[in-house]
Each structure stands twice: as structure tokens, then as C-alpha cells.
Amino acid sequence: MYINTAEQISGVPSSWPGYNLTIGSRGDKVRQMQEQLDVIAEVYSAIPRIAADGIYGPMTQSAVREFQSIFGLPQTGEVDFSTWYKISQIYVGISRIAELY
């Protein structure tokens with residue numbers, strides 16, 4: 001049996017890092033979330049635009065809190081399991097719509 005693997009599948013978000021992203025968090029998962037959230041902010045203009053620098057600072061927290069408000073999540077400003085997957089879900093939806101144009 002041969003099993004083929006791929007580094008990344010287009011349109012499929014990566015999994016939750018296993019811990020909440022909060023003020024002071026750093027790394028690739030923070031950058032990925034920031035990139036996705038910034039794309040979402042292009043459509044949902046109430047969400048502040050943020051730089052994907054991999055550092056979870058006050059601007060990222062503000063954007064996350066506004067995202068949570070819009071999508072009916074607890075407004076903690078932290079990216080927990082529910083927020084991570086809601087960001088991923090909305091990002092994939094927006095990205096696929098953009099591909100049609």
C-alpha cells in the first residue's frame with residue numbers, strides 16, 4: 001500500500017495549537033491567526049486591520065475581541081479553541097469566495 005502525503009492542503013486551516021493565544025504569545029500560530037484575521041477584516045470592516053508579526057499584542061487582542069463580538073463568541077480577547085476554529089471557518093469561506101473572482 002502506498003500512502004501519499006502533502007505538506008499543506010489548500011483551503012484547509014491548520015489545527016488549534018492546543019493552548020490559548022493571549023497577550024505575549026508569539027510564533028507561527030499567532031502569525032497564521034493574524035493573517036487570517038486580517039483577511040477577514042477586509043470584509044468585516046469593524047475588525048481593526050492588524051500586521052501579521054507573530055506577536056500577540058494589544059492590537060491583535062482588540063481585533064480578536066471585535067471578531068468575537070461579531071460572531072457571537074465570549075469577548076475575552078483571547079484565541080481559545082472556539083475562536084480559533086471560527087476564525088478558520090470564516091477565513092476559508094472568505095478565501096473561497098475571493099477565488100471565484
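A nonpolar core is a set of buried Ala, Val, Leu, Ile, Met, Phe, Trp, Tyr and Cys residues joined through side-chain atoms within 4.5 Å. Keep that in mind for the views below, which all come from a predicted model.

**View 1. The largest nonpolar core, with 19 residues.** Look for Met33, Leu37 and Phe67, the residues with the most contacts inside this core. The largest share, five residues, comes from α1.

**View 2. Helix α1, residues 28-43.** This helix has 16 residues and reaches 24 Å from its first C-alpha to its last, which is close to the 22 Å expected at 1.5 Å a residue. Quite a list of its residues is buried, including Val30, Gln32, Gln36, Ile40 and Ala41. An α-helix has 3.6 residues a turn, so residues three or four places apart point the same way.

**View 3. Met33 and its contacts.** Met33 is one of the buried residues of α1. Skip its neighbours within four places in sequence, and Met33 is in contact with Leu21, Tyr56, Thr60, Val64, Val79, Trp84 and Ile87.

**View 4. Asp38, a residue of helix α1.** Why does Asp38 count as buried? Its relative accessibility is 15%, and buried means under 20%. Leave out its neighbours within four places in sequence, and Asp38 is in contact with Arg49 and Ile50. Pro48 sits ten residues away from Asp38 along the chain, and the C-alpha atoms of the two are separated by 7.9 Å.

Key. Residues are numbered from 1 along each chain as its sequence is written. This is a predicted model: local features need pLDDT of at least 70, side-chain atom pairs count only at pLDDT 80 or more; totals for chains, interfaces and linings use all residues. Side-chain values use heavy atoms; hydrogens and water are left out. Helices (H or I, at least four residues) and strands (E, at least two) are DSSP runs, numbered from the N terminus. Buried means under 20% relative accessible area, exposed over 50%, partly exposed in between (1.4 Å probe, protein chains only). Contact means heavy atoms within 4.5 Å. The expected span of a helix is 1.5 Å times one less than its number of residues.
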